[in-house]
Amino acid sequence: MHTIRITFILIFASILSIHAQSISSKVVDKKTNQPIPYATIQLSKNKGLITNEEGRFSFTPNQKLSQTDSIYISSMGYEKIGIALSALTDSIIYIEPKAIELSGVFISNKNLTIDEIIDNIKDRLDQNYSRDLSHKKLFYRQSNFSNLNKINVKFKKSTIEEFNKKFIDSVISIIPRKSSYYTEALCDLYGNFQKQKLNIIKSAELYDKSNDGSMEALSDKLETILKKNVKPNSYLKIKSGWILGTKVQMDSIFENNDEAAQVKKEVEKPNKDDKNYFLDYRKSSLQGLLSDMFFQEDSQLNFIDKSSKYDFELQDYTIIDDSSVYVINFDPKRGADFKGTIYVNTEDFAVMRVDYQNVKNLKNFGLLGLSFHDTTYKGKTIFAKNTDGKYSVRYLEKTRGNIFGIDRPLKIIEKNKFVKGKRKQNELSLGLDIGVGEVNKYEVVIFDSQPITESEYENSTENKTIKPQYLSKYDPEFWKGYNIIEPNTAIKQFTAIEEES
């Protein structure tokens, strides 16, 4: 009897260990041996995750024994396979391309013209996509990359001894030419496209603090020099060329009076010193990402709403989540902005996936030596059907990029109307030629989405003072025990300079 009891305990413990240990693997095409990005890993009904762009995924099974001990892996155009958790011992999972089996409904629809398919998509937007209140458990990742492409500063004149050419050159030398910043957050999102509440469960920031530290030290040094040299009641007149000019009161810069604080509050929104900044920024970002869907009114992705501005071509047929889909390419005409591919369910005409990218700069601004170019707007969105038959976002990826430039003279003049004689007290004159490029990449994977009532939404809460944990290098242990989308190689290899030996 004792032996039986021990055996039972050992078996039970082994089962629990299967559900407690983190599982990591990579999904690969069996024929080509290439990784399969954005494959769906279904953990249970309406719950799952997505492989990253390198085909990798990881998750920690629920501690409670579920009704099923298997996961299901599917990807567009591939056979769906089920694997027992106990069998997930290999670091690579191979899946095979699937031959398309056309359903009767598909056969009846296959003679539709491309215009008829697009019309069907439009007609069913409201019934295909969920706009109701829901509780979504999601993982958010934002990657920012800045590149100082050009910085030429010509020293012309300075009447302040410390503001000499040597100082200006030292300022230029410590400005970082390249910087990377990553933030990740596991969240509960309550609401719909119009209103949201965000509860951040855990979050991290990954960046090089030495960049911030050098710029902070520079700012302190500049403030010290100005305080030392400017007279009471002085103001700074900033001139760029012969046209633009503005006054900046010295008291407003250095005195913490109520008026100056109010002006600062209005100008600097959002403010990183605000205790709610991290939550508010993440919520605003998620609201923008999830609201700019092609089926939303006035969406920038207007290839369906303004379909007359695009050419559509039926390219192929494939399988997504056991559903046959049309593969349709779209290209711009009449000055439209995007090209891409939509994958349309042949039965209900829902767009189950869209890949898109801009074909031209979305904005170009240039005036008096200032320039701005909105260069990059691309991404993909994958939708999954809910239990109510409507679709909602399962995975979203978007990349935005821009270039900013300034090529003009700059003068900073100290003036004082209470001083006898000339009002001009000091002057710093420079010539600026600067170019900066920035790329922001966003990833959102929604593991679970459940409908909620208005009362449940109102009773949901936000942890407003949440702050992310700073990481100077990638730590594989940080998210252990949590389901996330696997980081790519660049994130895993990131290490701040201050951590290097």
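**Inside and outside a predicted fold**

User: Is Arg 334 buried or exposed?
Analyst: Arg 334 has a relative accessible area of 63%. Buried means under 20%, exposed over 50%, and partly exposed in between (1.4 Å probe, protein chains only). So Arg 334 counts as exposed.

User: What kind of model is this?
Analyst: Residues are numbered from 1 along each chain as its sequence is written, and side-chain values use heavy atoms, with hydrogens and water left out. Local features need pLDDT of at least 70, side-chain atom pairs count only at pLDDT 80 or more, totals for chains, interfaces and linings use all residues, and the model is predicted.

User: What is phi in Arg 334?
Analyst: Most residues other than glycine have a negative phi. Arg 334 sits in the loop between E14 and E15. Its phi is positive, although it is not a glycine, and is near 55°.

User: Which loop holds Asp 322?
Analyst: Asp 322 also has a positive phi, about 65°, without being a glycine. At 51% relative accessibility, it counts as exposed. Its loop runs between E13 and E14.

User: How many helices and strands does the protein have?
Analyst: Helices (H or I, at least four residues) and strands (E, at least two) are DSSP runs, numbered from the N terminus. The protein has 11 helices and 21 strands.

User: How many residues are in the largest nonpolar core?
Analyst: A nonpolar core is a set of buried Ala, Val, Leu, Ile, Met, Phe, Trp, Tyr and Cys residues joined through side-chain atoms within 4.5 Å. Ile 121 and Phe 330 are among those with the most contacts inside the largest one. Its residues number 53.

User: Which residues does Ile 121 contact, apart from neighbours within four places in sequence?
Analyst: Contact means heavy atoms within 4.5 Å. Ile 121 has such contacts with Ile 304, Ile 342, Val 344, Phe 349 and Val 351.

User: What arc do the buried residues of helix H3 cover?
Analyst: In H3 (residues 114–123), Ile 117, Ile 118, Asn 120 and Ile 121 are buried. They are on the same side of H3 because their arc around the axis, taken from the directions from the helix axis to the C-beta atoms, is only 155°.

User: Which residues are exposed on the other side of H3?
Analyst: The cover over the buried residues of H3 includes helix H4 (125–128) and strand E15 (338–345). On the other side, the exposed residues are Asp 115 and Asp 123.

User: What is the relative accessible area of Pro 487?
Analyst: Pro 487 lies in the loop between strand E21 (469–471) and helix H11 (489–492). Leaving aside neighbours within four places in sequence, its contacts are Asn 52, Glu 54, Arg 141, Tyr 474 and Lys 492. Pro 487 is buried, at 1%.

User: What separates the C-alpha atoms of Ile 434 and Lys 150?
Analyst: Ile 434 is in strand E20 (residues 424–451). Lys 150 is 284 residues away along the chain. Their C-alpha atoms are separated by 5.1 Å.

User: What accessible area do Phe 365, Leu 367 and Leu 368 have together?
Analyst: They form a nonpolar patch on the surface. Patch residues have over 30% relative accessible area and no salt bridge; like charges are joined within 9 Å, nonpolar side chains (Val, Leu, Ile, Met, Phe, Trp, Tyr) within 5 Å. A salt bridge is a side-chain nitrogen of Lys or Arg within 4 Å of a carboxyl oxygen of Asp or Glu. By the Shrake-Rupley method with a 1.4 Å probe, where only the protein chains shown count as cover for residues, the three residues have about 280 Å².
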